[in-house]
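Open the model in your viewer and follow the stops below. Each one names a selection and says what is there.

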Amino acid sequence: MILSKKLNALLFGLACTSSYLFAQDAKLSEKIRVNQVGYFAGEEKTAAIQVPLSIFKSSKRWGEGASFEIVKINPKSEKTVYSSKLQKANYYPFSKEAVRLADFSEVKEAGTYYLKVGDERSFDFEINNSIYDEVSKSALKMFYYFRCSDEVTEKNGGQWHRPSGKPDTEVYVHESGAYTGQKAGTKMSAPGGWFDAGDYNKYSVNAGISTFSLLALYEAMPQAFPDGSLDIPESGNGVPDLLDQAWWNIKWFEMMQDPTDGGVYHKLSTMGFAPVNELPHQHTAKRWMIGKTTSATLNYAATMAMASRIFSKYESHYPGFAARALKKSKMALQWAEKNPWNRFVQPEGCSTGKYEDENYSFVDELAWAKTELFITSGDKSYLEGTAIPYLDIHSPVWTHVHALPYISLVHNKDKVKDLIDMDAVEQRLREFVDYLIFDAMEATGVAYRMGNKRFEWGSNGFVANQAMLALVCYQTNKDKKYLNFAISHMDYLLGKNPLNHCFVTSFGKKKSMNVHNRLCMADGIKDPIPGILVGGPNPWEIIWDLGPEAYPSVLPALSHLDSDKSFSTNESAINWNAALVYVSAYLNYELNKSTK
Ligand code: 9MR
């Protein structure tokens, strides 16, 4: 027994040494960028290889090129299973680099691989049929760790368990939100919800769009996260875990409405941010209902109308909710119609997030609210004055919710197709995404096959949201270009990017370790909460945190630092994660149906 143990250890040692030796043949290169999690066996697979800019001065850009190899790592050996030429070089203006893509879509066998160019190699990556199983689960589980007014148990949360904090059973209406309805000082109770981002406050407009993305996934793919799939306290309650997660926010959001007049408070917040070394239960500052805005109220009307139709399927679990939510949605719409231009003004003495809407119109929020009410009620008159299906589309973000009504219409096509011109709805959405695809395949983003040009706060959120739009287009006609666009955007988030960095915590090889998030900064645990998508490169506000000198580069796609002090590039936020959940889960389920 002892001998065989020793023998095993020896053999194991030899095996490790030999694969180590193999790996040493080629040295790891920052210039070879792959999706560090991996690729779907049957789908497009590309890696990006940075080459000298001088390539554009030589004929090499168009002609002869270096070749690459895909090496399969077996337990005791490594073998080149595929080789081909790199594609012609393209210029990526956002990082000022020349990039050649390696297409190895033909490699379809499950396994662990790396990509080799000359004597340089990439990180290892996997190829299999359910490559986003773990990423999608972690991205959704993140919402459990972010729960306000709840403990994270050791059973469900492992090493990230923590006591309950911020009960929010005593919240006071601030004078900034008291110009209609309830008086300043009124005591309200609004427990639950998610901490918005790196801070412990709850902001209505961001809560709404995040809830939307999760519920939209449910409407697109109700089977994606069945009951028991996530290991959360509600697992086993007979409701899909996806809805359990959304519910935690919805039950709080419901309480953000002034019951006397239907207006919705803009945020539930302390007056200042909590110190970064305090967990929720350690920070007990007074909580306020601050501001009452048209954007928050319309966002609420939309979210409640959508939640009403979805949770009506689970009436026995949430008795009365569906009818109540629809009523509250209508009340909210009425308030907003009477108060069509109430913008958020940060009150004096308050320094928490503004989610301000001063430069934007509410045309999109109105269209979203009315369209959700139309879908839920079947009353076509709600569409009047919304410009749907001819409303302009933008990449979804809390200031721009134009695309959301289109998404819900596509997801509810069967229910509404006799009442609205669905061809026009789908065409409008596809036209917008086709433009993003043009950018990704033929214009500025061609080097990385990236449609996103918006390197601003939460750039990774734009990448994920654009991928979500593409997947909704895919549902309209099953055109593979939409699927490929989403896959390529996931590749970007998981490592195939100019920083060679994986932006989702606990995944990849060059990992995000130091996310700007108080839960992670104050818990004394080295590893961050898993499944967090960090904000991403953003050159504009780095001056607010560490300053430009601290960053490796101030070029748009390179202005990112894995530092917990870099809140402008390395924070978490529920809206970015919710889109990641949609995209990773949709792809995983769609491409892996047969094995579920
Ligand atoms: O998402 C917001 C971004 O668009 C703004 O530029 C930025 C600065 O005002 O604020 C972001 O939102 C933050 C909010 O204000 C407070 N909680 C953290 C949010 C995400 O970074």
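This is a predicted model. Start with the second largest pocket: its lining splits into 8 nonpolar, 2 polar and 4 charged residues. The space inside is about 210 Å³. Select Ile 49, Gln 50, Val 51, Pro 52 and Val 117; of the 14 lining residues, these are the closest to the pocket centre. Now colour strand S4, residues 46-51. S4 gives the most to this lining, with 3 residues.

Next, go to the largest pocket, with a volume of about 1100 Å³. Centre the view on Tyr 355, Glu 356, Trp 398, Trp 457 and Trp 544, the closest to its centre of the 39 residues that line it. Two elements give two or more residues to the lining: helix H12 (459-477) and helix H15 (574-590). H12 provides the largest share, 3 residues. By class, the lining holds 15 nonpolar, 14 polar and 10 charged residues.

The structure has 4 cavities of 30 Å³ or more. The largest cavity holds about 50 Å³. Select its lining, including Val 205, Ser 295, Tyr 360, Phe 362 and Thr 399. Tyr 355, Glu 356 and Trp 398 also line this cavity. The lining counts 5 nonpolar, 3 polar and 3 charged residues.

Last stop: helix H5 (residues 241-254) and helix H7 (residues 321-338). Their axes come within 12 Å and cross at roughly 50°, which means H5 is oblique to H7. The crossing is left-handed. Show Trp 247, Ile 250 and Glu 254 in H5; they meet Phe 321, Arg 324 and Lys 328 in H7. This contact has 3 nonpolar, no polar and 3 charged residues.

Conventions:
Residues numbered from 1 in each chain as written. Predicted model: local features only at pLDDT ≥ 70, side-chain atom pairs only at ≥ 80, totals over all residues. Heavy atoms only, no water. Axes fitted to C-alpha atoms, helices over the stretch in contact; angles between N-to-C directions. Helix = DSSP H or I, 4+ residues; strand = E, 2+ residues; numbered from the N terminus. Parallel < 35°, antiparallel > 145°, perpendicular 65-115°, else oblique. Left-handed = near helix turned anticlockwise from the far one by under 90°. Contact = heavy atoms within 4.5 Å. Nonpolar A, V, L, I, M, F, W, Y, C, P; charged D, E, K, R; others polar. 1 Å grid on protein atoms, 1.4 Å probe; cavity = no way out; pocket = protein on both sides within 12 Å on 5 of 7 lines; lining within 4 Å. Points joined across faces, edges and corners; volume = space filled by probe spheres on them.
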